[in-house]
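Please read it alongside the sequence and the coordinates.

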Amino acid sequence: MNGIMLQTFEWDMPADGTLWKNVRNSARKWAMLGVTAAWLPPAYKGSAGGCDVGYGVYDLYDLGEFDQKGSVRTKYGTVREYLAAVRRLRLVGIQTLGDVVLNHRLGADATEDVRVTPVNPDNRLEMQGEPEDGSVYTRFTFPGRGKRYSAFTWDHTCFTSVDWNGRDPDHHLFLLEGKGFAPDVDREHGNFDYLMGADVDVQAPHVREELFRWGQWYLRRTGLDGFRLDAVKHISAGFYRDFLADLRAKTGREVYAVGEYWSQDLQALLSYLSQVQESMNLFDTPLHFHFYSASHSSGAYDLRDLFSNTLVSARPTKAVTFVDNHDTQPGQSLESWVDGWFKASAYSIILLREQGYPCVFWGDLHGIPEKGIGAVSELPLLMHLRLYAAYGPERDYFDDPNVVGFVREGDSSVPGSGLACLITDEKGGTKRMEVGRRFAGTTFVCVLGGEKPVRIDADGFGTFSVKGGRCSVYVPRLTLPVLLYRLRAQLLRFLHLRLF
Ligand code: CA
């Protein structure tokens, strides 16, 4: 089965509390488009209350239920609406993935007086001076929730470091007394355990225990199927390895997980995968940056390199491929937006090829109106092609810097399947590609790219073409039996979905 993950949010969507309702109402439509998993944004209360995108975590147990940080609901709605959205997605056969942010906390309820040591923010292995008195925001008591769901309160013993000390406002990173950074994290800045806010000490036994307990509570309370794990390169690899193992053992469920390890360095990704004993998939960040480069190089990018040092080429079964996300969209700190003209090409790559689990971004499917960015108009068609055409053995033609292509031979169990795809980042061109002898004498029509039909010769080859800066996708001409097969399949999907 050709799965599709959908990231169901973008950064700038209005903070009007309507997303959960919108997700519930869109579930059937997404299922018809071939979506099989939905990555939902962080559902718990952030320090910015009803406006927080969700990554500024304040209280993991407040899923829009308690009057905290100036609001009961989160940016996306109330806990009831969240649970209803998860239920609807699962009913229509879409796996639900919760966004899990365990690295840091923001918006503490009170300060604590503790000894701290200033650290060089650019090289966290270097202390800058002696321990000093500190006044730091590390006390979380959750007065709006009280002890509901968990009586655990957070204090300085739960964190490794903070970026703010009221007694030394000029410095910007402090290690708390008796604490050290986790060794098994990314090595940028010497040690990248610290990212923002109050850095959670996931290695402290009482914190670890509380987070393990929270994981079970979260799955039980929501019925989610799995997780998207935020900022994993800033969290002890050993922690997530144990967290997932514990959760899977205790719940008896698969608990699918994909981690965000934001790095273009394939070796860092591979090393992390081995440290977590392959207990999760990872987003293919290197591939995203290839798309980014190709779309911003005015034709100078060598398309033969598209997969070099990518996770999908090195470890295809562990790779979640994507084009853009809420962090890469315009205006964000990791902005690396794939330019519009190349979007259809990039989505053809992740949706029509055999390897990788593609993740479609809300901002591409529905647009980012706040930034004047429209939807990628070809995307629904490409998702449909993933559902009905992208099957069978693959043959690659990444043999030219400017025009590359691939074919799928189709699979006899999916009538009408098979395709040919050509991509260019420069002038148009043609390429002779082999779609297989079983197509000898048939015609492939161009469903994307506006090219003329191509007749497949007796050896199973066709000469396909693409216009400058575009992408072409060809599929076998629709026959009556194939048309009837697809109508029946769509009708069955539709009827199945209407049952709920
Ligand atoms: Ca950390």
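The model is predicted, and local features are given where pLDDT is at least 70.

**Helix pair α1 and α2**

Two packed helices are described by the angle between their axes and the distance between the axes. For helix α1 (residues 19–32) and helix α2 (residues 79–91), the axes come within 8 Å and cross at roughly 5°. Angles under 35 degrees count as roughly parallel, and α1 and α2 are therefore roughly parallel to each other. On the α1 side the contact is made by W20, K21, V23, R24, A27, R28 and W30, which meet E81, Y82, A84, A85, R88 and L89 of α2. Sorted by class, this contact of α1 with α2 has eight nonpolar and five charged residues, and no polar ones.

**Aromatic pairs and charges over rings**

The structure holds 39 aromatic pairs. One of them joins Y149 and W217: the ring centres are 5.0 Å apart and the planes stand at 50°, so the pair is tilted. This pair links distant parts of the chain, since Y149 is in the loop between β9 (132–139) and β10 (159–162) while W217 is in helix α3 (residues 205–222), 68 residues apart. Y149 counts as partly exposed at 27% relative accessibility, whereas W217 counts as buried at 7%.

A tilted pair is also formed by F291 and F342, with 6.4 Å from centre to centre and 50° between the planes. F291 belongs to helix α6 (residues 285–295) and F342 to helix α8 (residues 340–352), so the pair ties together parts that are 51 residues apart in sequence. Both F291 and F342 are buried.

One aromatic cluster is formed by Y44, F212, W214, Y218, F227, F239, Y240 and F243.

**Helix α10**

How many of the ten residues of helix α10 (residues 379–388) are buried? Seven are, so α10 is largely enclosed by the rest of the structure. The buried residues of α10 are L379, L382, M383, L385, R386, L387 and Y388.

**Loop residues**

S263 lies in the loop between β14 (256–259) and α5 (266–275). At 12% relative accessibility, S263 counts as buried. Leaving aside neighbours within four places in sequence, S263 is in contact with A268, L269, T285 and P286. From D67, S263 is separated by 196 residues in sequence and by 37 Å in space, C-alpha to C-alpha.

Most residues other than glycine have a negative phi. A231 has a positive phi, near 55°, and its place is in the loop between β13 (226–229) and α4 (237–251). A231 is buried, with a relative accessible area of 5%. For N309, phi is near 55°, again a positive value in a residue other than glycine. N309 is found in the loop between α6 and α7 (311–314). Is N309 buried or exposed? At 52% relative accessibility, N309 counts as exposed.

Methods:
Residues numbered from 1 in each chain as written. Predicted model: local features only at pLDDT ≥ 70, side-chain atom pairs only at ≥ 80, totals over all residues. Heavy atoms only, no water. Axes fitted to C-alpha atoms, helices over the stretch in contact; angles between N-to-C directions. Helix = DSSP H or I, 4+ residues; strand = E, 2+ residues; numbered from the N terminus. Parallel < 35°, antiparallel > 145°, perpendicular 65-115°, else oblique. Contact = heavy atoms within 4.5 Å. Nonpolar A, V, L, I, M, F, W, Y, C, P; charged D, E, K, R; others polar. Phe/Tyr/Trp six-rings, centres within 6.5 Å; stacked < 30°, edge-to-face > 60°. Buried < 20%, exposed > 50% of the residue type's maximum accessible area, 1.4 Å probe, protein only.
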